[in-house]
Amino acid sequence: MRAWEAQIIPTEALQYKKIVLRWYLSLKRRIPSYYIERKEKIMIKDDCIFCKIAKGDIPSATIYEDSDIRVILDVAPANRGHALILTKEHFDNIYEMDEATGAKVFAKATSVAKAIKTVTNCEGMNVLQNNGEVAGQTVHHFHLHLVPRFKDDEVNMSWNPKTTVAEEQQALAEAIKKGL
Ligand code: AMP
Ligand code: ZN
């Protein structure tokens, strides 16, 4: 028995238990409204251009909008029809983002990709998302690129494939798995 428990005589302990239980139940009841409030007060960064575009404070060529995302045309596209899916909440990058928002972004990417293909008659499409300057990220607010591709369009997204060793790959896979 801990020191503070020894201070409480049985009837007081019961009352204490009741108070805690009441507090817990009232908290449980408040959780749904707390969630809605939090959703309304989404994190926005004042100096972020994509926060302003996502909110609608800066105009954009908008393809789609809901409470979580805005899909716009890139102002300096790799090709005609290059679109960006922006989250309304500010996340610097994928590491900051929760899985539920990620699921919404990728779910919408499927229908937007099909619509871009229909309109532009593109022959292919790259879906990419840059995190960190070294990876080519220039705007530090999460966004997913949908880049329609055409034969000989001179858009480059290539790398020199490196060789692998099966055991090293297994060990690496295990290490990453542990981080999930
Ligand atoms: P990233 O290099 O992955 O950060 O991509 C940033 C993208 O945002 C680039 O393709 C830019 O052309 C695009 N971009 C920057 N400013 C705007 C803007 N005001 N409206 C639409 N797209 C923009
Ligand atoms: Zn932002």
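Two strands are said to pair if DSSP finds at least two bridges between them. In strand E5, for instance, Leu-146 is the bridge partner of Ala-83. Please bear in mind that this is a predicted model.

The protein chain contains five helices and five strands. Read from the N terminus, the order of elements is α-α-α-β-β-β-α-β-β-α. Of the 180 residues in the chain, 16% are buried. Among contacts with a separation of 6 or more, 57% are between residues 24 or more positions apart.

I turn now to strand E3, residues 83-87. How many of its five residues are buried? Five of the five are, so the strand counts as mostly covered. In a regular strand, side chains alternate between the two faces of the sheet. In E3 both faces are covered. On one side lie Ala-83, Ile-85 and Thr-87, and on the other Leu-84 and Leu-86, each of them buried.

Strand E2, residues 69-73, pairs with E3 in the antiparallel sense over five bridges. Within that pairing, Leu-86 of E3 stands opposite Arg-70. E3 also pairs with E5, residues 143-149, again in the antiparallel sense, over four bridges.

Helix H4 covers residues 99-120, which is 22 residues. From its first C-alpha to its last it reaches 31 Å, close to the 32 Å expected at 1.5 Å a residue. Its buried residues are Val-105, Ala-109 and Ile-116. The buried residues of H4 pack against E2, E3, E5 and strand E4, residues 124-128. After H4 comes Asn-121, with a positive phi near 60°.

Helix H5, residues 166-178, may be set beside this. It has 13 residues and reaches 19 Å between its first and last C-alpha, close to the expected 18 Å. Is H5 well covered or hardly covered? Hardly covered: the number of buried residues among its 13 is zero.

Finally, the ligand. Around ligand 1 there are 13 residues, of which Val-75, Ala-76, Asn-130, Thr-138 and Val-139 come nearest. By class, that shell comprises seven nonpolar, five polar and one charged residues.

Methods
Residues numbered from 1 in each chain as written. Chains lettered and ligands numbered in written order. Predicted model: local features only at pLDDT ≥ 70, side-chain atom pairs only at ≥ 80, totals over all residues. Helix = DSSP H or I, 4+ residues; strand = E, 2+ residues; numbered from the N terminus. Expected span 1.5 Å × (residues − 1). Buried ≥ 20, exposed ≤ 12 C-beta atoms within 10 Å, placed from the backbone. Near = placed C-beta within 6 Å. Nonpolar A, V, L, I, M, F, W, Y, C, P; charged D, E, K, R; others polar. Contact = placed C-beta atoms within 7 Å.
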